[in-house]
Amino acid sequence: MLAMPLKNIAVFVDVSRASLIRATYAVRLALRYHAHLVGIFVVPLGWTLDPSASFIRGRDAIRALIERQRAQEFRTTATASERFENEAGREGISFEFRMIRATDTSDDALFHSLHADLVLVGHPKPGGLPDDWSAETMLLATGVPVLIVPNGWTAGTIAENVVVAWNASREARRAITDAIPLLQKARTVSIIVVDAEANTNHGQEPGADIALYLSRHGINVMVEQVRSDGRSIAGTIMDRALLLGADLLVLGAYSHSRSREVLFGGVTRSLLKSAAIPLFIAH
């Protein structure tokens with residue numbers, strides 16, 4: 001499979017401070033890859049901002065409430081649009097802003113994401129996504145790789161020191177392939193293999209073959225075999241990534257069946273739950 005260039009990037013935005021961090025990250029990626037950037041805003045329903053609305057009675061009062069809701073939705077959308085366009089316009093990239101109404105979120109979120117090479121969302125949930133969606137939902141519904149930016153992420157670097165979690169699975173291989181454009185521009189790339197002796201799929205020298213594969217794409221990598229020593233696999237990966245000063249972690253999501261991940265926790269779910277650095281996930 002040939003690595004696809006990042007030419008269409010989508011980012012889900014809102015009016016929070018975390019969204020500004022996420023938008024800035026997306027803008028810098030778009031600038032790096034000369035990509036078109038789409039800001040997607042899910043318009044919150046006006047009544048969700050005013051709990052007292054549920055007590056309104058009478059036709060005139062209801063009509064007035066609807067008008068206030070529409071005005072609130074318009075102001076919120078205008079704010080999100082202005083903030084995104086200010087950030088994107090500052091760098092002179094190709095960009096556009098799209099809005100999705102909360103009543104149409106599932107189909108529209110799917111539609112707009114299907115035409116991207118990469119989708120950025122926040123963490124924790126909703127991270128700009130519709131309330132009933134998550135990064136996992138987006139990934140499994142579209143097959144488009146998702147880059148999750150923690151809401152508190154303040155590091156100034158963008159995918160310069162990358163750690164790849166490798167377990168010799170189809171999903172991990174897919175994640176690496178999708179991430180090649182990022183890996184090619186990184187300063188350092190480290191492949192982490194946890195408890196290699198427990199996985200016969202690795203071959204005689206765990207990590208060596210995938211390192212060779214990446215080297216043929218012009219990527220210099222370092223392979224590390226680490227032991228969990230009773231810790232969780234997810235914790236071992238994250239601890240090592242933090243020790244290496246990583247600003248991006250690449251992993252294949254749900255290397256086992258998703259139902260097994262849900263029942264028994266799983267590496268993917270654990271890393272998504274406690275993301276301390278941006279995560280690039282693919283399936």
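Student: In which loop is the place of Gly-152?

Tutor: Gly-152 sits in the loop between strand 5 (146-150) and strand 6 (161-165). Helices (H or I, at least four residues) and strands (E, at least two) are DSSP runs, numbered from the N terminus. Keep in mind that this is a predicted model, where local features need pLDDT of at least 70 and side-chain atom pairs count only at pLDDT 80 or more, while totals for chains, interfaces and linings use all residues. Residues are numbered from 1 along each chain as its sequence is written, and side-chain values use heavy atoms, without hydrogens and water.

Student: Why does Gly-152 count as exposed?

Tutor: Its relative accessibility is 60%, and the cut-offs are under 20% for buried, over 50% for exposed and partly exposed in between (1.4 Å probe, protein chains only). So Gly-152 is exposed. Its C-alpha atom is 9.2 Å from that of Ile-277, which is 125 residues apart from Gly-152 along the chain.

Student: And what makes Ser-169 buried?

Tutor: Ser-169 has 14% relative accessibility, so it counts as buried. This residue belongs to the loop between strand 6 and helix 5. The C-alpha atoms of Ser-169 and Asn-201, 32 residues apart along the chain, lie 7.9 Å from each other.

Student: Why is helix 1 called roughly perpendicular to helix 5?

Tutor: Helix 1 (residues 17-33) and helix 5 (residues 170-185) pack at about 80 degrees, with axes 12 Å apart. Roughly perpendicular covers 65 to 115 degrees (under 35 is roughly parallel, over 145 roughly antiparallel, the rest oblique), and that is the label helix 1 gets relative to helix 5.

Student: Which residues make that contact?

Tutor: Leu-29, Arg-32 and Tyr-33 of helix 1, with Pro-181, Leu-182 and Lys-185 of helix 5. Contact means heavy atoms within 4.5 Å. Four of these residues are nonpolar, none is polar and two are charged.

Student: How do you know that the buried residues of helix 6 line one face?

Tutor: In helix 6 (residues 208-215), the buried ones are Ile-210, Ala-211 and Leu-214. Down the axis of helix 6, the buried residues fall within an arc of 105 degrees, so they line one face. The arc is that of the directions from the helix axis to the C-beta atoms. Their cover includes helix 5, strand 7 (188-194) and strand 8 (222-226).

Student: How much of the whole protein chain is buried?

Tutor: Buried residues make up 47% of its 283 residues. The chain has nine helices and ten strands.

Terms used:
Axes fitted to C-alpha atoms, helices over the stretch in contact; angles between N-to-C directions. Nonpolar A, V, L, I, M, F, W, Y, C, P; charged D, E, K, R; others polar.
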